[in-house]
Amino acid sequence: MNRWTTALTRPLLNDNPVSVQLLGICSALAVTKTLGASLAMGASLTCVLIASNALISLLRRVIPHATRLVLQITIIASLVIVADQVLAAFAPAMSDQLSIFVSLIITNCIILGRAEAFAMTHPVGESVADAVGNGLGYGLVLAVVGAVRELFARGSLLDYPLLPLAKDGGWFEPLQLVGLPPAGFFLIALFIWISRRVRVRRTPAAPRAEAQR
Amino acid sequence: MVETSARKGSTLRTLGVSLAICLGCSLLVSAATVWLRPIRDEHRRVARNARLAEILGRQPGLVELLGDLATATLEERVVDLRTGAFAPEVDPAGFDPVVAAAVPATSQAISAERDLARIQRQALRGVVTLVRRDGAPQAIILPFYGQGYASIIRGSIALAADGNTIIGLLISEHGETPGIGSEITEEEWGALWPGKKVRDADGRLRIHVVAEEATPPPDDEAFHVDCISGATRSTEGVGQMVRFWLGDDGFGPFLARVREGALR
């Protein structure tokens with residue numbers, strides 16, 4: 001695999017920002033009530049991440065070492081404000097649903113983490129690939145958790161009813177707990193567990209100690 | 001020597017680059033804001049109209065009065081409560097009555113004997129919703145709130161364009177005892193309000209809610225709403241709120257202007 005595809009695919013599962021690096025958990029808990037909101041949040045974060053990685057990678061030789069974190073945050077904050085406004089202008093309903101969590105992308109550790117750990121030391125192309133990979137990795141976890149929560153708490157996916165609700169004469173009694181924020185914790189924990197099992201199984205060459213850790 | 005000047009240069013460079021990046025970022029944000037503002041304003045307008053239409057549909061009596069609500073237009077206006085005049089400098093979309101009542105600069109304390117609604121402080125301005133059809137005023141919706149028996153009760157009262165005849169009363173929010181005080185939201189009690197008058201021909205505030213009076217004045221019927229037995233405190237509380245908000249400390253001065261034809 002060349003460097004670009006590695007940068008793109010590693011963060012999807014093997015080095016997933018949420019399930020492996022445990023970054024960006026707070027928004028993953030808050031906005032995963034429905035699949036739609038999860039996808040919108042994943043897309044917003046991916047866009048901001050691509051733009052911030054690209055910009056910071058472009059400026060990586062110019063940015064002074066002493067003020068690099070401040071400047072990275074300044075750039076990220078500006079991009080998030082723009083993303084928030086674009087969302088409010090073109091998808092106002094979704095913007096209302098995500099409310100403050102779009103602006104809180106600023107504090108999402110994934111973005112600053114990728115800027116500092118990757119974009120500052122890699123050329124633009126690779127940084128963009130890294131951003132796409134990490135954004136999709138984040139979005140993947142959100143989408144899985146959001147889909148499970150929407151299906152079991154509301155009996156629908158993307159607002160399309162799949163399980164007939166008991167209150168409308170069907171058989172499905174919604175699971176209240178899954179709709180509450182703690183369910184995000186449980187589901188992300190499950191996701192981490194499953195993805196780590198898969199990872200370990202797929203690398204038989206890994207030493208035993210590594211596998212048992 | 002060389003080292004110091006190099007360090008100085010690098011400090012300058014750090015400052016310069018940092019400033020340049022900050023400037024670039026602020027340009028980006030400003031450009032996005034200016035470019036997207038008309039689109040966002042349009043969304044806000046649509047959302048506000050939908051919300052107003054919902055208020056209109058829920059307000060009792062208006063459907064009966066207007067028939068088809070779709071042909072009515074709604075307009076929110078901020079009113080200066082002391083003078084009763086419109087305050088065109090305040091955008092109703094950005095006016096939050098709850099905040100206005102809490103901030104010292106936009107509110108005033110109410111002396112205990114005048115505080116019928118038992119709210120201690122009131123905003124100096126209020127929002128009225130004017131309902132028109134073909135430009136002609138049809139109704140005025142006024143918000144009210146105050147302390148009930150167990151909670152803050154919020155609602156709105158619709159008056160006819162004469163500023164004196166009640167069209168209907170809506171309780172939109174309360175935390176009164178379920179099954180007892182909560183009866184104030186029942187249609188049966190709400191149905192007692194339409195047709196009642198706020199003031200008599202001499203301009204005295206007469207509307208009131210009361211259990212029973214020993215010697216009611218002969219013309220009392222037009223100004224009198226029965227309270228719900230068992231929920232006396234809640235219903236009389238609503239009556240006092242209505243008296244406060246329609247009275248001289250509330251929208252009274254505004255309604256006086258309405259009676260003089262300010263809406264036409």
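Student: Before we start, what should I know about the numbering and the model?

Tutor: Residues are numbered from 1 along each chain as its sequence is written, while chains are lettered from A and ligands numbered from 1 in the order in which they are written. The model is predicted, and local features need pLDDT of at least 70, side-chain atom pairs count only at pLDDT 80 or more, and totals for chains, interfaces and linings use all residues.

Student: How many helices and strands does chain A have, and what makes a stretch count as one?

Tutor: Chain A has 11 helices and 2 strands. Helices (H or I, at least four residues) and strands (E, at least two) are DSSP runs, numbered from the N terminus. Along the sequence, the pattern in chain A reads α-α-α-α-α-α-α-α-β-β-α-α-α. Chain B comes to 6 helices and 9 strands.

Student: Why is B:Cys25 called buried?

Tutor: Check the count against the cut-offs: a residue is buried if 20 or more other C-beta atoms lie within 10 Å of its own, exposed if 12 or fewer, and partly exposed in between, with C-beta atoms placed from the backbone. B:Cys25 has 20 other C-beta atoms within 10 Å, so it is buried. B:Cys25 sits in helix α1 (residues 2–58) of chain B.

Student: And what makes B:Arg118 partly exposed?

Tutor: B:Arg118 has 15 C-beta neighbours inside 10 Å, so it counts as partly exposed. You'll find B:Arg118 in the loop between β2 (107–109) and β3 (121–123) of chain B.

Student: How much of each chain is buried?

Tutor: In chain A, 39% of the 213 residues count as buried. For chain B, buried residues make up 28% of its 264 residues.

Student: Which residues does B:Cys25 touch, and how do you know that they are in contact?

Tutor: Two residues are in contact if their C-beta atoms, placed from the backbone, lie within 7 Å. Leaving out residues up to four places away in sequence, B:Cys25 touches A:Thr74, A:Ile75 and A:Ser78. With that same exclusion, B:Arg118 touches B:Gly146 and B:Gln147. B:Arg118 and B:Gln240 are 122 residues apart in sequence, with their C-alpha atoms 8.9 Å apart in space.

Student: How many residues does each chain bring to the contact between A and B?

Tutor: Chain B gives 15 residues and chain A gives 16 residues. The side of chain B that touches chain A has 9 nonpolar, 4 polar and 2 charged residues. For those classes, Ala, Val, Leu, Ile, Met, Phe, Trp, Tyr, Cys and Pro count as nonpolar, Asp, Glu, Lys and Arg as charged, and the others, Gly among them, as polar.

Student: Why are α3(A) and α7(A) called roughly parallel?

Tutor: Start with the angle: helix α3 (residues 35–58) and helix α7 (residues 109–119) of chain A pack at about 30°, with their axes 10 Å apart. Axes are lines fitted to C-alpha atoms, for helices over the stretch in contact, and angles run from 0 to 180 degrees between N-to-C directions. Angles under 35 degrees count as roughly parallel, over 145 as roughly antiparallel, 65 to 115 as roughly perpendicular and the rest as oblique. That is why α3(A) and α7(A) are roughly parallel to each other. Residues making the contact include A:Val48, A:Leu49 and A:Ile56 of α3(A) and A:Ile110, A:Ile111 and A:Phe118 of α7(A). By class, that contact has 8 nonpolar, 3 polar and 1 charged residues.

Student: What makes β4(B) and β5(B) a pair?

Tutor: Two strands pair if DSSP finds at least two bridges between them. Strand β4 (residues 125–133) and strand β5 (residues 136–147) of chain B are joined by 5 bridges and run antiparallel. Here B:Leu130 stands opposite B:Ile140, and B:Val131 has B:Ala139 as its bridge partner. β4(B) and β5(B) form a hairpin with 2 residues between them, and B:Asp134 in the turn has a positive phi of about 50°.

Student: How many bridges join β5(B) to β6(B)?

Tutor: There are 9 bridges, and β5(B) and β6(B) run antiparallel. One bridge partner of note is B:Arg154 in β6(B), across from B:Tyr145. This hairpin has 4 residues between β5(B) and β6(B).

Student: What is the strand order in the sheet, and which strands are at the edge?

Tutor: The open sheet has 5 strands in the order β1-β4-β5-β6-β7 (chain B), with antiparallel pairing. β1 (73–80) and β7 (166–173) of chain B are the edge strands, since each pairs on one side only. From one strand to the next, the twist averages 25°. Helix α5 (residues 232–246) of chain B lies across β5 and β6 (152–160), running at about 125° to β5(B).
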